[in-house]
Amino acid sequence: MLIMDDMMKDFMRRFVKETVNLADMIKKQTITSREVQTSIRLCLPGELAKHAITEGVKSVCKYNNSSGVAKRTAASARAGLQFPVARIHKIAKAIANGKRVGATAAVYLAAVLEYLCAEVLELAGNAAKDLHTKRIVPRQIQLAVRGDEELDTLLSHISISAGGVIPHIHKSLINMKSTHRIPSGPPEIIDDL
């Protein structure tokens, strides 16, 4: 799923760059989950932002509450996530241009990325089910993204390779009545002699 990998990397770059801009505006050297939350609100449209923020807050609370459980537990497991928090932290530090990235910022980013990935894959799975296929291909991802209003606005600048086009017939072409009558029988023979 190279397409999903590229999509998640693009989301992460956008979120981290927006977070760095916010941190520069308020003159902070450390990026925390609060700045990430604000950048998520700015980058994601409507209900998508609301649900992503809920997932981020849940994961950060779970991460903070389990701080004394075990010393050798991975951050992803402590936060209850499947996405790798340590890898996202490392990539965020590379994008952040010398800013410090807090641990909760990486947990928040991982939770939001996991939510967005699950949302896209759920819609693409529904599209694959409707087309009676067992495998999600780029065409179903394209149909899922373009079929959802908020994901479409979020990914309006992205073209999905091998995704095809969205079927659309303009409404003026559907109700078009022919003014010229097409003959139904054999053509008439005209004799000019």
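Q: Why are helix 5 and helix 6 called roughly perpendicular to each other?
A: In this predicted model, the two helices pack at an angle of about 110°, with their axes 9 Å apart. The axes are lines fitted to C-alpha atoms, for helices over the stretch in contact, and the angle runs from 0 to 180 degrees between N-to-C directions. Angles under 35 degrees count as roughly parallel, over 145 as roughly antiparallel, 65 to 115 as roughly perpendicular and the rest as oblique. The pair of helices is therefore roughly perpendicular.

Q: Which residues of helix 5 and helix 6 make the contact?
A: Helix 5 contributes Val85, Ile88, His89 and Ala92, and helix 6 contributes Ala103, Ala106, Val107, Leu109, Ala110 and Leu113. Contact means heavy atoms within 4.5 Å.

Q: What makes a stretch of the protein chain a helix or a strand?
A: The protein chain has nine helices and two strands, and from the N terminus the order is α-β-α-α-α-α-β-α-α-α-α. Residues are numbered from 1 along each chain as its sequence is written, and side-chain values use heavy atoms, with hydrogens and water left out. Local features in this predicted model need pLDDT of at least 70, and side-chain atom pairs count only at pLDDT 80 or more, while totals for chains, interfaces and linings use all residues.

Q: Why does Lys99 count as buried?
A: Lys99 has 11% relative accessibility. Buried means under 20% relative accessible area, exposed over 50%, and partly exposed in between (1.4 Å probe, protein chains only). Lys99 therefore counts as buried. Its place is the loop between helix 5 (85-95) and strand 2 (100-101).

Q: What makes the pairing of the Lys99 and Asp24 side chains a polar contact?
A: The distance is 2.8 Å. A polar contact is a pair of N or O atoms within 3.5 Å; within protein, one must be able to donate a hydrogen and the other to accept it, and residues adjacent in sequence count only if both atoms are side-chain atoms. The side chain of Lys99 also has a polar atom 3.0 Å from the backbone oxygen of Lys28. Beyond neighbours within four places in sequence, the residues in contact with Lys99 are Val20, Ala23, Asp24, Lys28, Gln29 and Ile31.

Q: What makes a set of residues a nonpolar core, and which members of the largest one touch the most others?
A: A nonpolar core is a set of buried Ala, Val, Leu, Ile, Met, Phe, Trp, Tyr and Cys residues joined through side-chain atoms within 4.5 Å. The largest such core has 49 residues, and Met7, Phe11, Phe15, Ile40, Leu44, Leu116 and Ile141 touch the most other members. Elements giving two or more residues include helix 1 (2-25), helix 3 (46-65) and helix 7 (138-147). Helix 6 gives the most, with 14 residues. Apart from neighbours within four places in sequence, Met7 is in contact with Val120, Ile141, Leu155 and Ile160.

Q: How do you know how many disulfides there are?
A: A disulfide is a pair of cysteine sulfur atoms within 2.5 Å. By that rule the count is zero.

Q: How far apart are Asp5 and Cys117 in sequence and in space?
A: They are separated by 112 residues in sequence and by 9.2 Å in space, C-alpha to C-alpha. Asp5 belongs to helix 1 and is partly exposed, with a relative accessible area of 34%.

Q: Why is Asp10 classed as buried?
A: Its relative accessible area is 17%. Asp10 also sits in helix 1, and it touches His157 and Ile158, not counting residues up to four places away in sequence.

Q: Are Lys27 and His132 buried or exposed?
A: Lys27 has a relative accessible area of 73% and is therefore exposed. His132 has 73% relative accessibility and so counts as exposed.

Technical notes
Helix = DSSP H or I, 4+ residues; strand = E, 2+ residues; numbered from the N terminus.
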